[in-house]
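Hi,

Here is the structure I said I would pass on. Have a look, and my notes follow below.

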Amino acid sequence: MVDDEGRINRVVLKFIPVEYEYFITKYGMRPEDYPKVFPPEKERVYELKPVDGVFDELKEEFSVEIKNITGGREYKIIITAEDEAGNTRKFEYKTPYIRQYENFGRQLYEKGIIVGASYMPWDFGCIPMKDGYTPIMGKYDTLDDIVQWKHIDWAGYAGINVFWISSNLESEREKEVIRKFLSRKGIKIEIMIGPHEKMKRGEKDLPEWGIDLSNDYNSRIFLKIVKNGREFYAHPSYLRSDGEPVLYIWDEAALFNQEEVYREIEETYNVSIVADWLPSIPTLPDDQYVEYLLENYRGAGLEEVDAYTGWIGFHKVGTDTKTLVNNYLYYYERALKEWKAFTKSSGKIFIVTVTPGFDNSYSWGGPQVPLPRSPELFGKRLRIAMKYLDEEHREVKIDTWNDYGEWSYIEPSQNEGFVYLDVLKQVLEEYLENVTSPEPQVLDFNWTPTKVIWDKVYDIKVSFKVSYPPDEISSVKLIFKPENYSYFITEYGMRREDYYKVFPNDSRVYELEPVDGVLDEPMEEFEVNITNITGGAEYWIIIQIQTKNGRTIEYKTKTPYIRQYENFGRQLYEKGIIVGTPYYLWYREDLSNWHDYGHKYTPLIGTYKSSDPTVISKHIDWATGYGVNLFLVSWSGYEEGDLKFFDENLQLMFNLEISKDIYIAILYESVGRLISRPAPVYISFNDEENVDILTNDLEYLAKTYFSKENYLHMEGRPVIYLYGSKGYTGDLESALRKIRNAIINEHGTDLFMISDHAHPLADINDPVWINRLKQFDGVTVWLGGYLPDGKYVGGSYNDQLKSNYFKWYNLTHELGVFLIPFGTPEFDNRLSWGAPDSIPIPRDKSSSEQNLQTLLKYSSELPGQYKMVFWGTFNDFFESTTLEPSVEYGFSPLKVLKDVLSEYANRFN
């Protein structure tokens, strides 16, 4: 409405987008990015007429409809009125920020789906950023109104409806950021608090990073942080759960004895506490240290909280090995599955965490292997995450919206644009469609083995129900097919013609009818028996429902690795025969040591990496299928680099489902681990440093591995093979007594120690050798005593095995020590670290048969009436001692082993 002194005869309205050039001059936004953030929109000019169509009054009413506004900014509305005398008056208004995008986040929130993103309330002008990874808006200040509106607009577009603002509420600036966000519409706010840098750590018997909240000093600091947020908790835009404001505690795992403090917080502020404490990959709920902490320090406090979550997609921050990173999706899904089950069994809400990537080595972190980021990887992680949403409280937390200091942001950036928001929106739309649109539902899905012989699953029964109007279903199929492992060809160089030798082709399709034979009910039950499974792979069970309107809906699950072979190794073990072979987990992620060292043979599965779960599963299947029931896993440390990689691969091996099918013991690599003076033969135990190294290593192994169900024990004692112990010197008796007592005192168990000093050139009448023998429980000699000059005792390698084990057999029986004969089908290291003129032990079927028979003949009866022999290695391709199937010799060494063992085992029927 316009009111002037004279009669009005012209009114013009201009609708002008506000420009924000200061983003370029102040924050360093690139000029070419400006139109991506503030979409170009022309000024609009409207010549207006009064609502009644005639300029004939001193007071006129006007109305204009401005359509198809682009948005993404504020707008100026300038009205200019002119009267008949030519006088003009101007009226100017500025709109609030007008959104560019529809608020998809609100749609999700109204359907009970919470999508949160961790938000850093910083001035980004002082935050270190990785080269090339800068916000598309430049290094902004989160106090800026337009920055906040942009974040709300973009977040809502992608489906985010909560910002979890990280602040310990001491800075007035950060409080103002929170106040501003709460004053705006379109997003909920939640505060993330955490341990304060002033809190005391490592007191009493807590870990060095632990904070004791029963300490008055620590509790006062923490309660003050919570109190500082009291002005925010009651705000209508603050996130609530069951009517209570939500308080997120990050790095909650650092807090111990929290029960009383948490109870006081809840009673004073009526908040719902989310505890970010779930451990990083690869830790799972059954980890003994987790169980210990929960039982002694943290369990009561966690009972007081309402929800459990983790941080940064369970990524192990600061990791310096590629094992966890390269297999992240495997570990991530396993963590979500296990920790969700644990959380729900504890009666708590489970909040999923997912991240696009992580690296803080360039900011405040240390050297590490970054968790890679890409839109494709983010999409895969998101789809996994959405599978594990809490059914009663569907919430996912994205870590993070804008942490450029840790490379974990999804906010639009200069070199990546809006692609992460687009991926997030796509995945959330897929999820929303799945949970809201009517479609067939598969319920009560179950698969159960029905025929198992010596760990080999032959038959399974699959049952499930389908809920859907029967007149709308065209067909129901079940597809049973092995996983596709084509990456063995593309990454490891497996020959295509060998693929089905390793992974048998075994696919089935079943056209199904309901159990009652008629598809006429809204809930129908289906069953199918899948028989004579070949195995040798993981299998997909895919239920495919075709509707009459042309839609195809699939529900699928993947089985663990199903064995191809019956476990002959277990049959032998039950007859008292233990067949061990050294096993190596040293083939690197980048496959470099396959190229660093020459090798005579190439594995049938290609030049693999030892961190591949399928490789390990295949090895266990083959080994046990042909009679091996013990892997002597080479172990040389755990601290960093290759050593950490090898050790993490061993942890992976123990965690595999098929691991239960074989026993595992440590082959301790004394040479290289302990100090040799002079190197590499003599290791003195008069040197206290060697005593300390071996003690510390055995304590680590005891804590990490010895209590595993399938770790080999004799007389209730964990077995350890001390490779290189023929070079042990000094006061070995005192040293080993001290070491054994340390393990007994710390872990309540003595060790079953095997030495390898039963060498064919040793003088068994020498008191030094006899005394050394008495210090151990068992004795063997590595590979039966390979001699590079080929001059074997008695003439041939087989002659040496016979004569050597005959003399040691008599001595060990006399002294009550157990002899474990050791041999190999071949030895040739000339292409790797051996001398080019050394004489190999040739690979020969007849010789292998004779040598195996010799080993079995002279093996002592171990405690519990067991006999043990060592043969091989399984996969040391650098010394050609391998049993693992190769391109050159196929399965022949394993077949020879099984033939000899079968004949020998028949004597025990």
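Is Tyr289 buried, partly exposed or exposed? Its relative accessibility is 41%, so Tyr289 counts as partly exposed (buried is under 20% relative accessible area, exposed over 50%, partly exposed in between, with a 1.4 Å probe and protein chains only). Tyr289 sits in helix α9, residues 288–303 (helices are DSSP runs of H or I with at least four residues, strands runs of E with at least two, numbered from the N terminus).

Before you read on: this is a predicted model, where local features need pLDDT of at least 70, side-chain atom pairs count only at pLDDT 80 or more, and totals for chains, interfaces and linings use all residues. Residues are numbered from 1 along each chain as its sequence is written, and side-chain values use heavy atoms, leaving out hydrogens and water.

Now the overall picture. The chain has 26 helices and 38 strands, and its C-alpha trace spans about 130 × 70 × 55 Å along the principal axes. Of the 909 residues, 57% are buried.

On to charges. The whole structure holds 59 salt bridges (a side-chain nitrogen of Lys or Arg within 4 Å of a carboxyl oxygen of Asp or Glu). One of them pairs Arg10 with Glu47, with the closest N and O atoms 2.5 Å apart. Arg10 is in strand β2 and Glu47 in strand β3, 37 residues apart.

Another joins Glu333 and Lys387 at 2.6 Å, N to O. Glu333 belongs to helix α11 and Lys387 to helix α12, so this pair ties together parts 54 residues apart in sequence. Glu333 is partly exposed at 23%, whereas Lys387 is exposed at 52%.

Cheers
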